Amino acid sequence: MKKVIFAILMWCGLPGMLAAQVGIYQHGTVVRMHMGDCMAAHHGLMVAFGGPSAPSSQESCPEYTLLSNSVAYVIVGRSSNQLIPLAEEIDFRLHNNELAVRVDDAKHEARFTIKEMIVRAEYDRMQQRMEEQMRVSEAQKDPSVIRQQMGGADEQQQMRLR
Amino acid sequence: MLTRFNRTLSKIVGLAMVCCYPTLGLAAGPSEPAEVVTFRSSVNEVRLVFFAKDDHNHPVAELQKNDFAVIDDERVIRDFRSFNRSSMMKLDIVVLIDSSESVLPQFKKEMGQVLQLISHGPWSEGDSVSVVAFSGMEARVVCEKVCDSALSGDHTKYWTTGGATPLFDAVELATKLIEKHRRPDVWPVLVIFSDGDDTISNSTFKDALHSVRAVAAQVYAIDLGRPGLPTNGTATLQNLAYESGGRWIRISDGASTVFNSVIDDLHSAHVVTYKLPESVSEFHQVQILPTRNLKLQFRCRRGYYSTNGTQKEEGL
């Protein structure tokens, strides 16, 4: 019986252990997360002919933006409770068009559907553009921000004489 | 030489007088209205009170700063300005008691015990407790901040039992009290004893929820409704508690036991602060998730309002 349990454990933990030993894991950081539509992650035949295990359209699944050195991945969980530990750095690898994240505490890998892949430099440029747009719209709402940006007010606290 | 020096000096003094004249004139002029000086400051820090539990549903006492991350408006935040136990903060508790006919006759004795607890309660120095009762057409303040003497005698005089239940108006009144007492180092908490069935308020549930979010209060909703009968009132109380990061509890164990468990819960909380992230939306949704141990569970308010990079409410 013990041998059987040992064999099962070995079988379950083998892919992760092998991957760790071979050193095929990449490192990355999760920078964004929100609950999105599960259907976005499950398309094609699986949705059309999916059995009861397929999530309903009302269920929401976690969607993460994971940054590696060269690529930004947008990945989607298979169910609402499929979470990634949000540590500063996580280990992951690409496997059969999916992204497998190593979860230390659970001693296994969690698999996510890849929704988008963007070259890191392009992702950074997009983020920069978005931040600039946000600053401009913020400045339009509040004139004091414009004054601050123009160097008219260096301090956070402003004194206005009426 | 001296005369030349005197002439130069008198020129300098004269020039100085001319330069200062407008200012002096403004300051001394009796016909000018008094100047109003307005100081404006940007608050760019979010303060989040939260609770951590392990897989056995026990509070996590030894929680570390790097055990969790905050998701604020979809951004993952790990860089915190501070992280403490909530015991560092003072409590501003407003207890709301439904004294309407549908509830009070059943719980009058128990409410008396709760009021005794409040008056002799386990409060730390600097904590304050106010009591608001609501029934009929109105919500009224029974005592504000200093409740010891007000609650030590006969409580029945506070109960004007009758008819309707203005719960949402009572919540609005309580948030106004909190707003009045507001200080950055004070944590506002509402403890509501009610069946949740509002029947007469001018305010709506949306108004009440907005006010609770605006003052960043945590709601502990003690449900006085009958167990086993799911009602709209129960759903209302559950929503208020859930959205604010508080708890919904049935009164089955007795009012005083429940009240004590609320106090214990408050003492197990943590507080984290971080820089307000830039966002296009005024309402920031927040969530706390583990960084390593996925069995840890976190509870906090669901969101807060911010405008132009300035947090409207100081985000407790």
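Okay, let's start with chain B: of its 316 residues, 39% count as buried, where buried takes 20 or more other C-beta atoms within 10 Å of a residue's own, exposed means 12 or fewer, partly exposed is in between, and C-beta atoms are placed from the backbone. A word on what you're looking at: this is a predicted model, so local features need pLDDT of at least 70, side-chain atom pairs count only at pLDDT 80 or more, and totals for chains, interfaces and linings use all residues. Residues are numbered from 1 along each chain as its sequence is written, with chains lettered from A and ligands numbered from 1 in the order in which they are written.

Chain B has seven helices and 16 strands; these are DSSP runs, H or I with at least four residues for helices, E with at least two for strands, numbered from the N terminus. Contacts here mean C-beta atoms, placed from the backbone, within 7 Å. Of the chain B contacts with a separation of 6 or more, 81% are between residues 24 or more positions apart.

Now the sheet. Six strands of chain B form an open sheet, in the order β8-β7-β6-β9-β10-β11, with mixed pairing; to pair, two strands need at least two DSSP bridges between them. At the edges stand β8 (138-143) and β11 (247-250) of chain B, each with a single partner strand, so one side of each has no neighbour in the sheet. On average, neighbouring strands are turned by 20° against each other, direction ignored. Those axes are lines fitted to C-alpha atoms, for helices over the stretch in contact, and angles run from 0 to 180 degrees between N-to-C directions.

Inside that sheet, β6 (residues 90-98) and β9 (residues 186-194) of chain B run parallel, joined by eight bridges, and B:Leu96 stands opposite B:Ile192 in β9(B). Lying across β6, β7 (128-135), β8 and β9 of chain B is α4(B), at about 160° to β6(B).

What about the core? The largest nonpolar core has 97 residues, and B:Phe50, B:Leu96, B:Val132 and B:Ala174 have the most contacts inside it. Such a core is a set of buried Ala, Val, Leu, Ile, Met, Phe, Trp, Tyr and Cys residues joined through C-beta atoms within 7 Å. Its largest share, eight residues, comes from helix α4 (residues 167-181) of chain B.

Finally, chain A: strand β1 (residues 26-37) runs antiparallel to β4 (residues 90-95), with three bridges.

How values were computed: Contact = placed C-beta atoms within 7 Å.
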